[in-house]
Amino acid sequence: MEKICVAVRVRPSTSEDSFNGSFWKVEENRITLHRTHDTPLSGSSYAFDHIFDESSTNASVYNLLTKDIIHAALDGFNGTAFAYGQTSSGKTFTMNGSETDPGVIPRAVKDLFEKMERMSDREFLIRVSYMEIYNEEINDLLTVENQKLQIHESLERGVFVAGLREEVVNNAEQVLNLINAGEVNRHFGETNMNVRSSRSHTIFRMVIESKGKDSNSSSDCSISDVVRVSVLNLVDLAGSERIAKTGADGVRLKEGKSINKSLMILGNVINKLSDGSKQRYTSFGLTLMYND
Ligand SMILES: Nc1ncnc2c1ncn2[C@@H]1O[C@H](COP(=O)(O)OP(=O)(O)OP(=O)(O)O)[C@@H](O)[C@H]1O
């Protein structure tokens, strides 16, 4: 599996989208901006690892992009999947989904526990946490009292958020209930672009620890003795936004500035990470867009 995989998903147009005379055309893994009379605009053609057109489902996004990351996490590889894109492009729709088409996060949780059950030779310990970054401050979505948490670094734990609640979980239902409880504490707000716009970045994190079941009884040092620890991050970023389009002022304006600034810094970090890093991780970034 590639270390970093970048895909685009095109959101279906809605009646509210203004049509400016051009549209994006998808051809395999290339997306090109076209004028209405179907001539491609030069310099506006981009290739990605995958492109999901307007008819794609959350199931297809999960199966093609995330499944392998979840399975690799069970084998001890760190993994991250995040949705990045402008406001209202469908990030939360992709990560959380709907009743009829659950998103990447609920699918990942169910898949993880199903796969774990089939790995009968290992025992697992799963811990989950759920946090948001709102106006550059970290809040715990599982415990409302845990606000403005600080990032620390230690030799033992690496970089971590001090005081973040970590819940030990035993089944998918328990995790989904925790996520639903956390959703209530997320910052959403209405803008001209999205009636329910995420005003914070959210990180749902699972720490997966496992060891071979026979490791205690065996005197030989075998592969089953190795304790594997991996971290899976499923991230729903707030959307980049043009203030002129969102009509943001007051609190919304302050949020919009923090969102744009942090997304720019994230872009810098990803550039650096993709610059010859030798870390063991798998990840995908899903960029979401729509024709306007
Ligand atoms: N693929 C899709 N099919 C149908 N509806 C979609 C799709 N993607 C997004 N939507 C709808 O579009 C609207 C905006 O989507 P969503 O809130 O997920 O955007 P977002 O990128 O998370 O926005 P923000 O950055 O403002 O939080 C929602 O009503 C959502 O249900």
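Student: Which residues have the most contacts inside the largest nonpolar core, and how many residues does that core have?
Tutor: The core has 45 residues, and those with the most contacts inside it are Ala73, Val104, Ile105, Ala108 and Leu234. A nonpolar core is a set of buried Ala, Val, Leu, Ile, Met, Phe, Trp, Tyr and Cys residues joined through C-beta atoms within 7 Å. Buried means 20 or more other C-beta atoms within 10 Å of a residue's own; exposed means 12 or fewer, and partly exposed is in between, with C-beta atoms placed from the backbone.

Student: What kind of model is this?
Tutor: It is a predicted model, where local features need pLDDT of at least 70 and side-chain atom pairs count only at pLDDT 80 or more, while totals for chains, interfaces and linings use all residues. Residues are numbered from 1 along each chain as its sequence is written.

Student: New topic. Is Asn177 buried or exposed, and why?
Tutor: Asn177 counts as exposed because it has 12 C-beta neighbours inside 10 Å. Asn177 is found in helix α4, residues 172–185.

Student: How many residues apart in sequence are Asn177 and Gly90?
Tutor: They are 87 residues apart in sequence, and 23 Å apart in space, C-alpha to C-alpha.

Key. Helices (H or I, at least four residues) and strands (E, at least two) are DSSP runs, numbered from the N terminus.
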